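Please look over the model below with the following points beside it. They are set out as a colleague's notes, grouped by region.

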Amino acid sequence: MIFLDFVILVLGFVALVKGADIFVDGSSALAKIFKVPGVIIGLTVVALGTSLPELAVSTTAALAGANEIALSNVIGSNIFNLLVVLGVCAVIHSVPVDEVIIRRDFPLSIIVTLGLLLAVGWQTISGGSFFTLGMADNAGLVSRVTGIILLVIFIGYILFLIFDAIRHPVEEEEISDIPLWKALLFILIGVILIIAGGKAVVYSAQNIARFFGMTETLIGLTVVALGTSLPELVTSIVAARKGETSLAVGNVVGSNLFNLLFILGVSTSIHPITVNAASIYDMAILIFVSCMTLFFSITGRSIKRLEGIIMLACYIGATTFAIVR
């Protein structure tokens, strides 16, 4: 029976990755057909498309009441994106970082994560009771109100990006070679694969966690986070091998903001998430990792090969901590 769960998990990951790929192709073609500027496509459609696996897993988990997977998937995916996706890219080719990313998007990502940490765990941390808790003990709650606030910030962020793109127009995009009916079909197929893949991943991950006596938090932080981050990883590696790394940091930071604001906001609005002590530690790790990546980005306006190796080593350390704690 456990073998079948692993097969379902792998098939779920395949559906997630392929579904996201088809969805992005269809959405990009649709945007070109209706003459939407490419910058808006990159900041909204593509970022959302690569984050759809996380959205499918987290919302499915929230509907199923598997709240620990919903939260740990977002936090784990963001850690993976920063340390592994950018780390691998930097090892392949030095990754340049846009000035706007450093001044606007990186700080916003850090502030949102810090705000989430304080909103969830401030009472237990400030009272000193947090450090007496076991990793699986309840340490706080991501309420519906917090989820709604995250969605409001997300809407404001997207509107700002759109208005900023309008103020700074780009050259007209090329005409799509995909007809309208095929673009719509791609979007439909992509959504179906993503939803089905999300359900398969959550179902099999829960069964595997129970079989090995692992917590849902650990599964969400490692296996599920890795699977849902595969679109970002594959896309970034291909870009790095071609030397087209200028968008790597923007894609990762944009995806992380989508995960924090939109995905966590939607899943929390569906069902409030009870947070255990382990997830508090993971949020603190994400803040540290984000600050470290920002520091690497500021120095020389790029992430270099040695820094990429350090980031990969940090991911190994963070994963080891998650397993042994």
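**Notes on the predicted model**

1. Within α5, the buried residues are Thr146, Gly147, Leu150, Phe154, Tyr157, Ile158, Leu161 and Ala165, where buried means under 20% relative accessible area, exposed means over 50%, and partly exposed lies in between, with a 1.4 Å probe and protein chains only. Helices (H or I, at least four residues) and strands (E, at least two) are DSSP runs numbered from the N terminus. The model is a predicted one, in which local features need pLDDT of at least 70 and side-chain atom pairs count only at pLDDT 80 or more, while totals for chains, interfaces and linings use all residues. Residues are numbered from 1 along each chain as its sequence is written, and side-chain values use heavy atoms, with hydrogens and water left out.

2. The 24 residues of α5 reach 35 Å from the first C-alpha to the last, close to the 34 Å expected at 1.5 Å a residue, the expected span being 1.5 Å times one less than the number of residues. Val152 also belongs to this helix, which covers residues 144–167, but Val152 counts as exposed because its relative accessibility is 53%. Although Val152 and Gly265 are 113 residues apart along the chain, their C-alpha atoms are separated by 8.9 Å.

3. Helix α11 (residues 305–324) has 20 residues, and its end-to-end C-alpha reach of 29 Å is close to the 28 Å expected at 1.5 Å a residue. Its buried residues are Glu307, Gly308, Met311, Tyr315, Ala318 and Ala322. Seen down the helix axis, these buried residues fall within an arc of 100°, so they line one face of α11; the arc is that of the directions from the helix axis to the C-beta atoms. An α-helix has 3.6 residues a turn, so residues three or four places apart point the same way. On the other side of α11, the residues Leu306, Ile316, Ile323 and Val324 are exposed.

4. How many of the 22 residues of α10 are buried? The count is 16, and the helix is accordingly described as mostly covered. The end C-alpha atoms of α10 are 32 Å apart, which agrees with the 32 Å that its 22 residues should span at 1.5 Å a residue. Tyr281 is found in α10 and counts as partly exposed, because its relative accessibility is 32%. Tyr281 and Ala322 are 41 residues apart in sequence, and their C-alpha atoms are 9.5 Å apart in space.

5. Arg301 is found in the loop between α10 (277–298) and β4 (302–303), and its relative accessible area of 38% makes it partly exposed.

6. The largest nonpolar core has 75 residues, of which Val249, Val275, Met283 and Ile303 touch the most other members. Such a core is a set of buried Ala, Val, Leu, Ile, Met, Phe, Trp, Tyr and Cys residues joined through side-chain atoms within 4.5 Å. Helix α3 (residues 67–92) gives the most to this core, with 13 residues.

7. The second largest pocket holds about 150 Å³ of space. A pocket here is an open set of points on a 1 Å grid over the protein atoms alone, where a 1.4 Å probe fits, with protein on both sides within 12 Å along at least five of seven lines, and lining residues have an atom within 4 Å of a point. Its lining consists of Phe23, Leu52, Leu55, Ala56, Thr59, Thr60, Leu63, Val191, Ile194 and Ile195. The elements that give two or more residues to this lining are α2 (38–64) and α6 (180–211), and the largest share, 6 residues, comes from α2. By type, the lining residues divide into 8 nonpolar, 2 polar and no charged, with Ala, Val, Leu, Ile, Met, Phe, Trp, Tyr, Cys and Pro counted as nonpolar, Asp, Glu, Lys and Arg as charged, and the others, Gly among them, as polar.

8. Two further residues can be checked by their contacts in space. Gly49 has its place in α2 and counts as buried at 0% relative accessibility; Gly49 and Ala20 are 29 residues apart in sequence and 5.6 Å apart, C-alpha to C-alpha. Ser27, found in helix α1 (residues 2–33), counts as buried at 8% relative accessibility, and the C-alpha atoms of Ser27 and Gly190, 163 residues apart along the chain, are separated by 9.9 Å.

Methods: Grid points are joined across faces, edges and corners, and a volume is the space filled by probe spheres set on the points.
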